[in-house]
Amino acid sequence: MLEFLIVVVGFFAGMTASVAGFGIGSFLIPIVGVQTGTKAAIALVALPHFLATGVRLWLLKAKVNRQILTRFGLLSAAGGLAGALLHAFFVSNLLQIIFAIMLIVAGILGILQVAGRLRFGKARASIMGLTSGFLGGLVGEQGGIRSVALLSFDIEKEAFIATAAATGLIVDVVRMPVYFLTQSSQISQFLLILILSSSAVIAGTLVGNIVLKRIPEESFKRIVSLLILLLGIFLLIISL
């Protein structure tokens, strides 16, 4: 039953990530964690996240905004490495609750189109990149914060998703070796979960890419904000 649930949630998470730029870690980690524990789940889900993000980037590679990626990418990688190193010693439920509340507030502001009127300078954009990478390494959930930051930039939906994917892939590259070095024995015990979750999120990614093309540009940011709000509520409920 758990394996079936992982496939269903993985497919939904992959599809959500193709539309909103986040969702794989946020939705899969709690489900996988039922079987493996949270720390091992964060490490396990990193691989399907990496594979699905790579597929998403490959589908939209021509749309990557290189200027934004430069601001986000390097600091996201630095934050991801720092978070992954700290992950080996510390995972706090309080941090998860704070993270969920941040997403709820950001989602409401986005729906009200307040986020769309904000414009981050280079310094703030860099801080958001560092923060999203750090959370990605520490709790496996970087995409929500990154999407909040990207909503402040005036870019089309394909560029939004492509740039989010490129940044996420950079973070995965630096955090995954730390996970596999520190938790290789735990990961090797759950190869079936790796195979099922990876297959599901890739399938969801391909379907989500089709859905993305059908979303009107003028509605895209509000849809992303709504998904951020729902993610925050979901994470808050499972953390309490």
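**Salt bridges, burial and rings**

Analyst: Gladly. Asp172 and Arg175 form a salt bridge, with their closest N and O atoms 2.8 Å apart. Please keep in mind that this is a predicted model, in which local features need pLDDT of at least 70 and side-chain atom pairs count only at pLDDT 80 or more, while totals for chains, interfaces and linings use all residues. Residues are numbered from 1 along each chain as its sequence is written, and side-chain values use heavy atoms, with hydrogens and water left out.

User: Why is the pair of Asp172 and Arg175 called a salt bridge?

Analyst: The term asks for a side-chain nitrogen of Lys or Arg within 4 Å of a carboxyl oxygen of Asp or Glu. Here the closest N and O atoms are 2.8 Å apart, and the pair counts as a salt bridge. Side chains of opposite charge can pair when their charged atoms come close. Asp172 and Arg175 are three residues apart in helix H8, so about one helical turn separates them.

User: What makes Asp172 buried?

Analyst: Buried means under 20% relative accessible area, exposed means over 50%, and partly exposed is in between (1.4 Å probe, protein chains only). Asp172 has a relative accessible area of 0%, so it is buried. Arg175, at 1%, is therefore buried too.

User: How many salt bridges does a search of the whole structure find?

Analyst: The search finds two. In the other, Lys63 pairs with Glu156, and their closest N and O atoms are 3.3 Å apart. Lys63 lies in the loop between H3 and helix H4 (66–87) and Glu156 in the loop between helix H7 (143–150) and H8, so the pair ties together parts that are 93 residues apart in sequence.

User: Why do Lys63 and Glu156 count as partly exposed?

Analyst: Lys63 has 37% relative accessibility, so it counts as partly exposed. Glu156 has a relative accessible area of 36%, so it is partly exposed as well.

User: How do you know that Lys157 has no salt bridge?

Analyst: Lys157 is buried, and its nearest side chain of opposite charge, Glu158, is 4.3 Å away. For charge, Lys and Arg count as positive and Asp and Glu as negative, while His and the chain ends are not counted. A salt bridge needs the atoms within 4 Å, and Lys157 has none. Glu158 is likewise buried without a salt bridge, with Lys157 at 4.3 Å.

User: Which residues does Glu158 touch?

Analyst: Not counting residues up to four places away in sequence, Glu158 touches Leu60, Lys63 and Glu217. Contact here means heavy atoms within 4.5 Å.

User: What makes the rings of Phe27 and Phe234 a tilted pair?

Analyst: Rings of Phe, Tyr and Trp (its six-membered ring) pair if their centres lie within 6.5 Å; planes under 30 degrees apart count as stacked, over 60 as edge-to-face and the rest as tilted. The centres of Phe27 and Phe234 are 5.3 Å apart and their planes are at 45 degrees, so the pair is tilted. Phe27 lies in helix H2 (residues 24–36) and Phe234 in helix H10 (residues 217–239), so the pair ties together parts 207 residues apart in sequence. Phe27 is buried because its relative accessible area is 13%, whereas Phe234, at 26%, is partly exposed.

User: Where does Phe160 stand in the largest nonpolar core?

Analyst: A nonpolar core is a set of buried Ala, Val, Leu, Ile, Met, Phe, Trp, Tyr and Cys residues joined through side-chain atoms within 4.5 Å. The largest one has 65 residues, and Phe160 is one of those that touch the most other members. Helix H8 (residues 157–188) gives this core its largest share, twelve residues.

User: How many helices and strands are there in the protein?

Analyst: There are ten helices and zero strands. Both are DSSP runs numbered from the N terminus: helices are H or I with at least four residues, strands are E with at least two. Of the protein's 240 residues, 55% count as buried.
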